[in-house]
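Below is a briefing on one protein model. It covers the surface, the sheet, the packed helices, the nonpolar cores and the aromatic pairs.

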Amino acid sequence: SKESAPPAMLKFVVVCLSVYGASAFAPTSLPSLACRRAATCTGPLSLRASSTEGEEDVSRRTMVGTAMAFGAAAAVSSSPERAMAADETMTIKTTAGDMEFEFWPDVAPKTVESFKKLAKTGYFDGQAFHRVIKGFVIQGGDPNSKKGYGPAGTLKGADAGAISKWGTGGPGFNIKAEFNPRKHEFGVLSMARSALPDSAGSQFFVCLGNLPSLDNKYTTFGKMTKGDDVLNKIGNTKTVKGDYPFERQGIESVTIQ
């Protein structure tokens with residue numbers, strides 16, 4: 001039988017490699033990222049502590065790698081399983097209202113798969129957004145955030161011991177980083193981590209604006225499609241030292257549909 005012609009993108013890569021060589025598609029490394037325990041990092045909470053805890057140079061994917069990945073993705077994009085995964089959405093029901101999100105399995109398949117599995121077990125239900133930095137991010141996904149607030153749902157009468165653990169919890173496993181070209185913009189979902197690139201677990205953050213300094217350094221894996229008012233409400237809540245919301249910003253449930 002007649003063999004089908006290779007995709008146009010692969011033709012382009014082959015031609016360019018033969019003329020210029022692979023080095024022509026290798027951009028310089030990104031500046032090193034120092035985890036300063038900001039809202040995008042996991043670990044004990046503090047207000048953007050200035051001490052660095054290790055730096056890792058994160059290299060961008062080369063054009064060749066991206067082109068090959070594109071070709072591979074195109075080969076399986078027609079499968080029903082992949083189409084279903086791409087069509088699944090998420091609703092985060094909070095004490096401030098509902099936010100709906102789409103997933104990006106095309107650029108972060110393992111991250112999306114892990115997040116969905118946790119959500120379907122009820123892992124996130126009853127947690128809270130334990131860190132809010134106005135104009136930057138809201139962060140959740142820590143099981144330790146289920147405890148700490150006082151009887152009235154504020155930091156008045158709070159359990160200091162429980163609060164000290166906020167930002168340190170996880171599911172007991174880590175996910176390999178899937179840094180990708182999708183930008184950190186308003187409403188984008190991304191994985192929090194420590195100074196180590198492959199240290200993400202369950203903690204995530206939602207961007208409150210355009211944050212180019214985080215691009216290609218944290219794994220973006222989805223974006224909000226509905227609920228801008230809710231995100232802004234949470235993002236503007238009153239906070240105290242340590243970026244703790246004074247009033248609990250609860251995550252009542254996370255559902256996949």
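**Overview**

The protein chain has an accessible surface of about 12900 Å², and carbon and sulfur atoms hold 55% of this area; the areas come from the Shrake-Rupley method with a 1.4 Å probe, and for residues only the protein chains shown count as cover. The model is predicted, so local features need pLDDT of at least 70 and side-chain atom pairs count only at pLDDT 80 or more, while totals for chains, interfaces and linings use all residues. Residues are numbered from 1 along each chain as its sequence is written, and side-chain values use heavy atoms, with hydrogens and water left out.

**Chain totals**

- The protein chain has six helices and 13 strands, taken as DSSP runs (helices H or I, at least four residues; strands E, at least two) and numbered from the N terminus.
- Of the 257 residues in the protein chain, 47% are buried (under 20% relative accessible area, with exposed over 50% and partly exposed in between; 1.4 Å probe, protein chains only).
- Among contacts in the protein chain with a separation of 6 or more, 72% are between residues 24 or more positions apart; contact means heavy atoms within 4.5 Å.

- Nine strands form an open sheet in the order 5-13-3-4-10-8-9-7-6, and the pairing is antiparallel; two strands pair if DSSP finds at least two bridges between them.
- Its edges are strand 5 (127–128) and strand 6 (131–133), each of which pairs on one side only.
- Strand 4 (residues 97–103) pairs with strand 10 (residues 220–226) in the antiparallel sense over four bridges.
- Phe103 has Gly222 of strand 10 as its bridge partner, and Glu102 has Lys223 of strand 10.
- Strand 10 also pairs with strand 8 in the antiparallel sense, over three bridges, and here Gly222 is the bridge partner of Leu189.

**Helices on the sheet**

- Which strands does helix 6 (residues 228–235) touch as it packs on the sheet? They are strand 3, strand 4, strand 6, strand 7 (137–140), strand 9 and strand 10.
- The direction of helix 6 makes about 115° with that of strand 4; axes are lines fitted to C-alpha atoms, for helices over the stretch in contact, and angles run from 0 to 180 degrees between N-to-C directions.

**Nonpolar cores**

- The largest nonpolar core has 43 residues; such a core is a set of buried Ala, Val, Leu, Ile, Met, Phe, Trp, Tyr and Cys residues joined through side-chain atoms within 4.5 Å.
- The residues with the most contacts inside this core are Met90, Ile92, Met99, Ile138, Phe204 and Phe221.
- Beyond its neighbours within four places in sequence, Ile92 is in contact with residues including Met99, Phe101, Phe129, Phe204, Ile251 and Val254.
- Another core, of five residues, lies apart from the largest one and includes Tyr149, Leu155, Ile163 and Trp166.

**Aromatic pairs**

- The whole structure has nine aromatic pairs (rings of Phe, Tyr and Trp, its six-membered ring, with centres within 6.5 Å; planes under 30 degrees apart are stacked, over 60 edge-to-face and the rest tilted).
- Phe115 and Phe221 form a tilted pair, because their ring centres are 5.1 Å apart and their planes lie at 50°.
- Phe115 is in helix 4 and Phe221 in strand 10, so this pair ties together parts that are 106 residues apart in sequence.
- Phe115 counts as buried at 2% relative accessibility, and Phe221 at 0%.
- Tyr149 and Trp166 are also a tilted pair, 5.1 Å centre to centre with 40° between the planes.
- Ring pairs join Phe115, Tyr123, Phe124, Phe129, Phe204 and Phe221 into a cluster.
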